[in-house]
Amino acid sequence: MNKHVDWATYIAQMEQILALELDDARRAELLTQFNRIAAMAEPLMALPLDDRLEVAGVFQP
């Protein structure tokens, strides 16, 4: 899984949706953190799962 995500666009969209006003320094720090999180998650997301495994439990009342 080597999917490129445009985090700068994502941050800009979230600013609009959440009605936030971020300064350039805060925006740059968020971009750095999102890239770090994505890099840490990449090996986990690339881990193949057995087709017979359930991804998540399902609650049924």
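Helices, taken here as DSSP runs of H or I with at least four residues, are numbered from the N terminus. Y10 is found in helix α1 on that basis. The model is predicted, and the secondary structure of its chain amounts to two helices and zero strands. With a radius of gyration of 17 Å, well over the 10 Å that the globule rule gives for 61 residues, the chain is more spread out than a compact globule.

**Overall dimensions, surface and charge**

- The C-alpha trace of the chain spans about 45 × 35 × 15 Å along its principal axes.
- Of the 61 residues in the chain, 7% count as buried.
- The chain has an accessible surface of about 5,800 Å², and carbon and sulfur atoms contribute 59% of that surface.

**Helix α1: E15**

- Helix α1 covers residues 7-17, and E15 is found in this helix.
- E15 has a relative accessibility of 11%; because buried means under 20% relative accessible area, E15 counts as buried.
- The side chains of E15 and R27 are joined by a polar contact of 2.8 Å.
- Leaving aside residues up to four places away in sequence, E15 touches L20, E21, L22 and R27.

- The side chain of T9 makes a polar contact of 2.5 Å with the side chain of D6.
- T9 and A25 are 16 residues apart in sequence, and their C-alpha atoms are 16 Å apart in space.
- Y10 has a relative accessible area of 34% and is partly exposed.
- The C-alpha atoms of Y10 and Q60 are separated by 34 Å, the two residues being 50 residues apart along the chain.

- A19 lies in the loop between α1 and α2.
- The relative accessible area of A19 is 68%; since exposed means over 50%, A19 is exposed.
- Phi of A19 is near 55°, a positive value in a residue other than glycine. Most residues other than glycine have a negative phi.
- D23 lies in the loop between α1 and α2 as well, with α2 covering residues 24-46.
- D23 is partly exposed, at a relative accessible area of 48%.
- The side chain of D23 reaches the backbone nitrogen of R26 at a distance of 2.7 Å.

**Segment after α2: V55**

- V55 is found in the segment after α2.
- At 76% relative accessibility, V55 counts as exposed.
- V55 and I11 are 44 residues apart along the chain, and their C-alpha atoms are separated by 28 Å.

Methods. Residues are numbered from 1 along each chain as its sequence is written. This is a predicted model: local features need pLDDT of at least 70, side-chain atom pairs count only at pLDDT 80 or more; totals for chains, interfaces and linings use all residues. Side-chain values use heavy atoms; hydrogens and water are left out. The radius of gyration is taken over C-alpha atoms; the globule rule is 2.2 Å times the number of residues to the power 0.38. Buried means under 20% relative accessible area, exposed over 50%, partly exposed in between (1.4 Å probe, protein chains only). Accessible areas come from the Shrake-Rupley method with a 1.4 Å probe; for residues, only the protein chains shown count as cover. A polar contact is a pair of N or O atoms within 3.5 Å; within protein, one must be able to donate a hydrogen and the other to accept it, and residues adjacent in sequence count only if both atoms are side-chain atoms. Contact means heavy atoms within 4.5 Å.
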